[in-house]
Amino acid sequence: MLPPFDLHAPSTLAEAVALRQRWGERGTLYAGGSELLLAMKEGLGTFDHLIDVKAIAALHELGMVDDRTLRIGAAVTHGALERSRLVAERFPLLAETERQVANVRVRAVGTLGGNVCFAEPHSDPPTALLVLEAAVTVQGGARSRRLALAEFLTGSYETALGPDELLVHVDVPAPPAGSAGAYLKFGMHERPTVGAAVLLVPDARRLAVAAARVAVGCVGPVPARRPALEAALVGVPLAALAAGWAEAEGAAEGLDAVSDLHGSADYKRAMTGVFARRALALAARRALGKAA
Amino acid sequence: MSVVDRRITMETSVNGRTVSLRVAPEALLLDVLREELGLTGAKRSCDVQVCGACTVLVEGRPVSACSVLAWEARGRAVRTVEGLADGDRLHPVQEAFLAASALQCGYCTPGMIMAVVALLEESPEAGPAEVKDWLRGNICRCTGYASILDAVTRAQRTMGSRPRP
């Protein structure tokens, strides 16, 4: 059972912003409801007004805005991303991540924008989007702002979204030519305990790593890039990564791990090392052109 | 105290029939199907989109009716397990569940069947890995999954599709 509320379905960004301003904390944004409605059922949030943003056409954009930028409207569902040929061909890491979100029913209604705004720490897409260096655009009453995803996600269930703002879209730059990525997750519940996303840019001979990006999610309050590990990966032979690179266990070093229902901080750190190593091995095999 | 009727008037198609409804904004699709329309096939169980017992199709896609607002069904086509049979003739997926003994207590069965129907409409030749992945979100606690997977293969056979390896 849900507590009573009123529904509003603005058809433009300006109307949505006006409703945000009008209702303040008594209202909230609603898209797929796959996070919000569950929280409301549990009494974790009470709102008199839900602003259904799905009638706003701009939030359903899914396509390239220039040669190398994919724009994903905030109301695009995980399922739409999973089935998109464009995403599969040019952003395989994102497609691989979206395929692993929860289950087919959640993906049918849950939106990428809602996922990012809810900032649930045990979530898949933000970890991959960090590695892809995604940026978000938010619209408020006076202006729109563009933030790196890392700046937008400020904490567990916390974002930089202002009280009169809404997320409009997520921009994802195309990964470097020749790069190979992988997303792996592990968990015993519906939500992941650990998520590891990696992107490897091979050198000209495709023998060693020229540049690497690694992010770990679910272990701490927000997903985090692993800069020390990324630096250590430069020059490492792809064959060594493909065989299982022991130093990958360093992915957990200095990580802000939190003990929760998904495991103790120590356990999550240990799993971080294991899944970073496996994700690097998978990406390296892909970079070497071997079967995934 | 004055009582304001906050209900929304809307039309939806349920199992091919147009239905006029007046629903509260917070009404969940599952409650409207079960309480207002008497369609009790979809079941409430986990109530948090994990178990799949409440699976129905909206525009052909499986959703958790326990966690979707009835509002989302306005102007859309909803299908429940009650809409599968053609008179006395069961849907091939229903027949396959019977033939494979893919049900025991039956609580998960309507959701399981609707999930399989959606899969075979979208991907008739789904291979075993795809079937398992698709049904990852439908939990059965007594039948066992082997006979359910067997039912999917049987349904594919009767529906004239050859599953991918």
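View 1. The contact, meaning heavy atoms within 4.5 Å, draws on 27 residues of chain B and 29 residues of chain A. About 2,300 Å² is buried between the two chains, 55% of it on carbon and sulfur atoms; buried area is the accessible area (1.4 Å probe) that two parts lose on being put together, summed over both. Glu26(B), Gln49(B) and Arg136(B) supply 23% of the area that chain B buries against chain A, more than any other three residues.

**View 2. Salt bridges and polar contacts across the interface of chain B and chain A.** Three salt bridges are found across this interface, a salt bridge being a side-chain nitrogen of Lys or Arg within 4 Å of a carboxyl oxygen of Asp or Glu. One salt bridge pairs Arg6(B) with Asp6(A), whose closest N and O atoms lie 3.4 Å apart.

**View 3. The side of chain B that touches chain A.** Strand S4 (residues 61–64) of chain B gives the most to this side, with four residues. Helices (H or I, at least four residues) and strands (E, at least two) are DSSP runs, numbered from the N terminus. By class, the side comprises 13 nonpolar, seven polar and seven charged residues. Ala, Val, Leu, Ile, Met, Phe, Trp, Tyr, Cys and Pro count as nonpolar, Asp, Glu, Lys and Arg as charged, and the others, Gly among them, as polar.

**View 4. Surroundings of Gln100(A).** Gln100(A) lies in the loop between helix H5 (92–99) and helix H6 (104–109) of chain A. Its relative accessible area is 18%, so Gln100(A) is classed as buried (under 20%; exposed is over 50%, partly exposed in between; 1.4 Å probe, protein chains only). Not counting residues up to four places away in sequence, Gln100(A) touches Asp124(A), Tyr183(A), Lys185(A) and Arg136(B).

**Notes to all views.** Residues are numbered from 1 along each chain as its sequence is written, and chains are lettered from A and ligands numbered from 1 in the order in which they are written. In this predicted model, local features need pLDDT of at least 70, side-chain atom pairs count only at pLDDT 80 or more, and totals for chains, interfaces and linings use all residues, while side-chain values use heavy atoms, with hydrogens and water left out.

Note on methods:
Polar contact = N/O pair within 3.5 Å; in protein donor to acceptor, adjacent residues only side chain to side chain.
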